[in-house]
Amino acid sequence: MENEVGRESGSMIFSDEELIEVSGLKKGRDFIEVTCGCTSHRYGDAVGKLRVFSNGDLEITCECTPGCNEDKLTPAAFEKHSGRETARKWKNNVWVIVNGEKVSLSKTALLKYYNQASKNANGTNRSHNGRVCHRDEFVRCSRCNKERRFRLRTKEECRIHHDALADVNWKCSDLPYDRITCDDEEERASRRVYRGCTRSPTCKGCTSCVCFGCEICRFTDCSCQTCIDFTRNAKA
């Protein structure tokens, strides 16, 4: 349906009523995008683009200044980047514009799939709120020696990273998404610390975001020892 956004299975649908008068609305195959922001009493409004994905993931591209390159931020990381004084309350502090007014995410329908995923997620690796969580990882290009980010939110994304990590000749142009070449700049160190942990935006690795094997990131058709051991233990 042209007036609904969702996966082909229809498991994620926003009605026209839920999106009415939401500013900056764009519709993709498995996400919607809207204008968002976070207000600091000291620095003012930091504006960005929020994407709500069909699996409940939330991702923000910051547009606080013309030269800002911060993208793929979690709402918590965006809240911190904006300079918000009372951080760790992103559901209330990050807003969208509805009918010309700033409205907290918690007061919109945009979080219902995020909340649903939090309740229904199954797997061995969960964050403090129950969501299956794999932090972003990096693989170094064999040609330019630059590290490239891999987003690990779905089984498909985990497989892409898994295969890249096993390929000693992996190169930037092998990325199936994010058209990146060896000529593109490497992510700044200040950006690489944000790896998608739901507990802390700059987490260096904890039980909430580091997975030691689950059905999302292990594969029965792979012959590597890690996957073989997981499959063997799962059958035991």
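Predicted model: local features only at pLDDT ≥ 70, side-chain atom pairs only at ≥ 80, totals over all residues.

Visitor: How do you know that the length of helix H5 agrees with what its residues should span?

Guide: At 1.5 Å a residue, the 12 residues of helix H5, residues 155-166, should span 16 Å, and because its end C-alpha atoms are 16 Å apart, the two values agree.

Visitor: Which residues of H5 are buried, and what makes them line one face of the helix?

Guide: The buried residues of H5 are Glu157, Cys158, His161, His162 and Ala164. Seen down the axis of H5, these buried residues fall within an arc of 165°, so they line one face. The face turned away from that buried side carries the exposed residues Glu156 and Ala166.

Visitor: Why is asparagine 99 called exposed?

Guide: Exposed means over 50% relative accessible area, and asparagine 99, at 56% relative accessibility, therefore counts as exposed. Asparagine 99 is placed in the loop between strand E5 (94-98) and strand E6 (101-104), and its phi is near 55°, a positive value in a residue other than glycine.

Visitor: How many cavities of 30 Å³ or more does the structure hold, and what lines the largest cavity?

Guide: The structure holds one cavity of 30 Å³ or more, and the largest cavity has a volume of about 60 Å³. It is lined by 13 residues, of which Lys72, Thr74, Tyr194, Arg195 and Gly196 are the closest to its centre. The lining divides into five nonpolar, two polar and six charged residues, and it draws at least three residues from each of domain 1 (16-121) and domain 2 (137-234).

Definitions and conventions:
Residues numbered from 1 in each chain as written. Heavy atoms only, no water. Helix = DSSP H or I, 4+ residues; strand = E, 2+ residues; numbered from the N terminus. Expected span 1.5 Å × (residues − 1). Buried < 20%, exposed > 50% of the residue type's maximum accessible area, 1.4 Å probe, protein only. Arc of directions from axis to C-beta. 1 Å grid on protein atoms, 1.4 Å probe; cavity = no way out; pocket = protein on both sides within 12 Å on 5 of 7 lines; lining within 4 Å. Points joined across faces, edges and corners; volume = space filled by probe spheres on them. Nonpolar A, V, L, I, M, F, W, Y, C, P; charged D, E, K, R; others polar. Domains from an automatic or database assignment.
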